[in-house]
Amino acid sequence: MYSILRNARVFTGHEPVRFDVLVKDGVIISVGNDISVPSGAEVFDFSGFSDPVIFPGFSDVHVHLREPGFCYKETIASGTESAAAGGYTTVCAMPNLRPVPDGADTLAQQLEAIEKDALVEVIPYGSITVGEQGGQLSDMEAMADKVIGFSDDGKGVQSDEMMEQAMLRAKALDRPIVAHCEDERLLHGGYIHDGVYAAGHGHKGISSESEWAQLERDLELVRRTGVRYHMCHLSTKESLELIRRAKAEGLDVTCETGPHYLTLCDEDLQEDGRFRMNPPLRAAADRDALVQGMLDGTIDMIATDHAPHSAEEKSGGLAGSLFGVVGLETAFPVMYTNFVKTGIMSLEQLIGLMSVRPAQRFGAGCALPIGEGRPADLTVFDLGCEYTIDPEQFRSAGRATPFAGEKVFGRCIMTMVKGKKVWQSK
């Protein structure tokens, strides 16, 4: 089965060039001009859009799809439709589910749901500890060949000994430890950043130290064990500096941050549950440091931490809502609008953060630019389209986003996984 994508610019690694892309059986077989259209080919013509660009599909190494166990928040079907609508062709699913994938049997339930309903490639994580409770290591050996890595995301592993043993086993299995860094002894009931907004509005704050202190511990354990280590949702300037030093030292470490930590700070908070996430929006100085860390390569990739909840669970304001916001459908337009349109970074740098580096580090997606012989995992965005983010239009079951009402550029027109169209805007 042939398909051809026409009348768009193609991102082949640098500045997009106007080419056509011919696909057969899930593989790109030609990129160029004047490609003859085989008889019966499906034609996708983007001539009606203002600035259509074909990109390699994005990869998100940190999403919550909520199934099994919490299907009222999100399902594999709705979560992967949201991913496709945001330009993602590969996502890595976190294990805070019911049951937690902590062994072969519990992982099998998640894999069955993925096989049945996923529109994009979904690669799960196995948990570090049984039930993500921190008391006993999961059956890593039974899961190793089916998971991207091991994480207790949503919780930090509190025991030094437990984390060291987890790292040793992950190292032996050649899988990364993907860490949510949070020392629970330093939380003190907080739910937003311990900064100017908390002080001025009577809220309980979460200290920056609760993040960076556990990262500091983890990096010492990485020195002892040699494990591949990845830090989730970095949010503080202190954590950034620890990662920078660890890389300079030669440790095998990487990190991610989210669009909200790069564009917002605690001064932007509103009394609304859509601004409550964990880690919280930090101070302006943290945000500015993270932007610099993104530009200098200390931050390796953008991940959304897409974490949908029901409307009721997000209706309690900052103090009474659950942690978590959605982000799959807003990540690219927010990043493109704030950093590429403004000249702060190049389009090539952004695609590196959203596609190339996640694939290089995790094997999630394709690290290669669009070209002949490569998988037809593609997404098409109209970079000239300006619109207002409206959560009611999301394909995700979750609606909570701090970017509601923001004007952005870049609307996803179509997403293709292995040559199959999985999303097309109406």
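**Helix packing and buried sites in a predicted model**

Helix H7, residues 237-249, packs with helix H9, residues 284-295, at an angle of about 25°, and their axes are 8 Å apart. An angle under 35 degrees counts as roughly parallel, and that makes H7 roughly parallel to H9.

Which residues make the contact of H7 with H9? From H7 we have Lys237, Glu238, Leu240 and Arg244, and these meet Asp286, Ala289, Leu290 and Gly293 in H9. By class, the contact of H7 with H9 has four charged residues, three nonpolar ones and one polar one.

The second pair is H4 and H6. Helix H4 covers residues 160-172 and helix H6 covers residues 209-225; they pack at an angle of about 45°, with axes 10 Å apart. That makes H4 oblique to H6. As for handedness, H4 passes H6 in a right-handed crossing. On the H4 side, the contact is made by Asp160, Met163, Glu164, Met167, Leu168 and Lys171. On the H6 side, the residues are Arg217, Asp218, Leu221, Val222, Arg224 and Thr225. Sorted by class, the contact of H4 with H6 has six charged, five nonpolar and one polar residue.

Now the whole chain. The secondary structure of the protein comes to twelve helices and 17 strands. Taken along the principal axes, the C-alpha atoms fill a box of roughly 65 × 50 × 45 Å. Of the 426 residues, 60% are buried. If we take the contacts with a separation of 6 or more, 73% of them are between residues 24 or more positions apart.

Next, helix H1, residues 76-85. Why call H1 largely enclosed by the rest of the structure? Because eight of its ten residues are buried. Those buried residues are Ile76, Ser78, Gly79, Thr80, Ser82, Ala83, Ala84 and Ala85. What covers them includes E7, H2 and E16, together with strand E8 (121-124) and strand E17 (420-424). Just after H1, Gly87 takes a positive phi of about 95°.

Two loop residues remain. Leu97 sits in the loop between strand E7 (88-93) and helix H2 (104-117). Is Leu97 buried or exposed? Its relative accessibility is 7%, so Leu97 counts as buried, the cut-off being under 20%. Leaving aside residues up to four places away in sequence, Leu97 touches Arg66, Glu67, Pro68, Phe70 and Gln110. Leu97 and Ala198 are 101 residues apart along the chain, and their C-alpha atoms are separated by 31 Å.

The other residue is Gly398, in the loop between strand E15 (378-388) and strand E16 (407-417). Gly398 has a relative accessible area of 0% and is therefore buried. With residues up to four places away in sequence again left out, Gly398 touches Lys73, Glu74, Pro308, His309 and Val326. Where is Gly327 relative to Gly398? The two are 71 residues apart along the chain, with their C-alpha atoms separated by 9.4 Å.

Methods. Residues are numbered from 1 along each chain as its sequence is written. This is a predicted model: local features need pLDDT of at least 70, side-chain atom pairs count only at pLDDT 80 or more; totals for chains, interfaces and linings use all residues. Side-chain values use heavy atoms; hydrogens and water are left out. Axes are lines fitted to C-alpha atoms, for helices over the stretch in contact, and angles run from 0 to 180 degrees between N-to-C directions. Helices (H or I, at least four residues) and strands (E, at least two) are DSSP runs, numbered from the N terminus. Angles under 35 degrees count as roughly parallel, over 145 as roughly antiparallel, 65 to 115 as roughly perpendicular and the rest as oblique. Contact means heavy atoms within 4.5 Å. Ala, Val, Leu, Ile, Met, Phe, Trp, Tyr, Cys and Pro count as nonpolar, Asp, Glu, Lys and Arg as charged, and the others, Gly among them, as polar. A crossing is left-handed if the near helix is turned anticlockwise from the far one by less than a right angle, and right-handed if clockwise. Buried means under 20% relative accessible area, exposed over 50%, partly exposed in between (1.4 Å probe, protein chains only).
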